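Subject: Structure handover

Hi,

Here is the structure I promised to pass on.

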Amino acid sequence: MLAASFTLVVEILENLAYLANASNLVLYLREYMHLSPSKSANDVTNFMGTAFLLALLGGFLSDAFFSTYVIFLISASIEFLGLIILTIQARTPSLMPPTCDGPTCEAVSGSKAAMLFVGLYLVALGVGGIKGSLPSHGAEQFDESTPKGRKQRSTFFNYFVFCLACGALVAVTFVVWLEDNKGWEWGFGVSTIAIFVSILIFLSGSKFYRNKIPCGSPLTTISKVLLAASVKSCSNGSQSNAVVNLAISPSNHLKEVAESGELEKPRHQEPVPPPQTQLTNSLRFLNRAAEEKPDHKLLECTIQQVEDVKVVLKMLPIFACTIMLNCCLAQLSTFSVQQAASMNTKIGGLKIPPASLPVFPVVFIMILAPIYDHLIIPFARKTTKTETGVTHLQRIGVGLVLSILAMAVAALVEIKRKGVAKDAGLLDSKETLPITFLWIALQYLFLGSADLFTLAGLLEYFFTEAPASMRSLATSLSWASLAMGYYLSSVIVSIVNSITGSSGHTPWLRGERINRYKLDYFYWLMCVLSAANFLHYLFWAMRYKYRSTGSRS
């Protein structure tokens, strides 16, 4: 656990460096770079989405050519360079756009804009590489051949999310306060120092690390198997039995297990899944890649390669089902903040900025993560008499259910908020509504809990279930799901406005007054879509067969 502890401390500092800027970046672009509100919001969305999608690149390079150790150091150095560029620009007036002359503001352009976006996207590239390598690097430090090692690895993923929350807490409170009150050069400077210190801490643990040797490009293996199966299917003509159902029927599965002698040895005694010596009946059309003589030597595939590709394809529906949850999470940084801004944000004599609302889910995650790991999981292990207590897919499912409840709560709170506005005659006013913003905190708590269950469950699920040669790339899918959720949110809002704004009607989510928005309708729509997504998830989760040791319930 000592080696993984370095990873956890590094994650606190890394997430602090990233979120300190991302959480408040729209303000920097609007007020200091003089970009329009829509342009600023667009640029922030693109920056965050790109950073999380680039985790796939970090994961791919970790599996294919470098170790997670090397990719982290390269990525952290790139992020460090990007933050230095942003700090220099924020500190030097000549590198910023001219100050506003009355109501007229000149937007950043030319070489100054180039410097801004080079710095931002170097940070995005660095963040992507770190997200794609650091979780896998930490998980590799445990001995998965023993129950103790697997339990410690599960604890690591729980505390990895806990450390994400720790970094976020400092970022959205202390660093954001520095940016708003002392200047953005202070905010960028703290982030630069944080990422530099994270590199030093990571290097200090070098002698304790176990580093996995890269096994070659996983994308090459996947492409080769798919291409070989397709070529052979085309050359042999269409056959009615070429494609079968994704799931192995219980009877066929037991028959295969009995024939292979697997029943003679208890599952918990196997250190890792043994090398495949026999093709399974799931996704049978891929079996052609190994069953028949290849048309070309480059298309020659082993049974192990075919079975590894099957595992990856079976995980993709689970990945797709988590995108909707992250779409719900995207609402926390958009409409929820605008709702809170219209409400009374005072707690006693203290006025809370609406942008600090993420403190609620962050603090709740920090409280719930230790409770989950030290109370809920031990109780579940005793009750179910299984090694994991709660399986990865059960944990993800709990997160999806919580996201449904969160959207229902959000709709009910919005009905109450608009009711107060109507009763007070403030529907078209900018005045603060006589209702506390703590009502909005309810949906933050539900979504914060959903994020804890789903993100930690996804990271562990992808790492333990993926073939050893593809673990970093598979784990990166957790971050890609987050990026796609943000993009999907923008698409859904555009579609909703397009449909509801037809025939001369006012769109649900457009206008100058949020009190006139039909946000309650939108949240109910998100609730229904999330419920449909959960049913879709159940379809795949109930048919999924675990392959990793200790994952079976």
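Below is what came out of it, from the whole chain down to single residues.

A word on the source: this is a predicted model, so I kept local features to pLDDT of at least 70 and side-chain atom pairs to pLDDT 80 or more, while totals for chains, interfaces and linings use all residues. Residues are numbered from 1 along each chain as its sequence is written, and side-chain values use heavy atoms, with hydrogens and water left out.

**Whole chain**

The protein chain has 19 helices and four strands (DSSP runs numbered from the N terminus: H or I of at least four residues for helices, E of at least two for strands). Of its 553 residues, 53% count as buried (under 20% relative accessible area, with a 1.4 Å probe and protein chains only). Taking contacts (heavy atoms within 4.5 Å) with a separation of 6 or more, 83% come from residues 24 or more positions apart.

**Helix α19**

This one covers residues 519-541. Its 23 residues should span 33 Å at 1.5 Å a residue, and the end C-alpha atoms are 32 Å apart, which agrees (the expected span is 1.5 Å times one less than the number of residues). Its buried residues include Phe522, Tyr523, Met526, Ser530, Phe534 and Tyr537. An α-helix has 3.6 residues a turn, so residues three or four places apart point the same way. The buried residues of α19 pack against α12, α13, α14, α16, α17 and α18.

**Asparagine 515**

Asparagine 515 sits in the loop between α18 and α19, and it counts as buried because its relative accessibility is 5%. What does its side chain pair up with? There is a polar contact with the side chain of arginine 417, at 2.7 Å (N or O atoms within 3.5 Å, one able to donate a hydrogen and the other to accept it; residues adjacent in sequence count only if both atoms are side-chain atoms). A polar atom of the asparagine 515 side chain also lies 3.1 Å from the backbone oxygen of leucine 426. Leaving out residues up to four places away in sequence, asparagine 515 touches Ser342, Lys418 and Leu433, among others. Lysine 422 is 93 residues away in sequence, yet the C-alpha to C-alpha distance is 8.8 Å.

**Serine 191**

Serine 191 belongs to helix α8 (residues 184-204). With 0% relative accessibility, serine 191 counts as buried. Beyond four places in sequence, serine 191 touches Leu16, Ala17, Ala20, Asn21 and Leu83.

Cheers

Definitions and conventions: Buried < 20%, exposed > 50% of the residue type's maximum accessible area, 1.4 Å probe, protein only.
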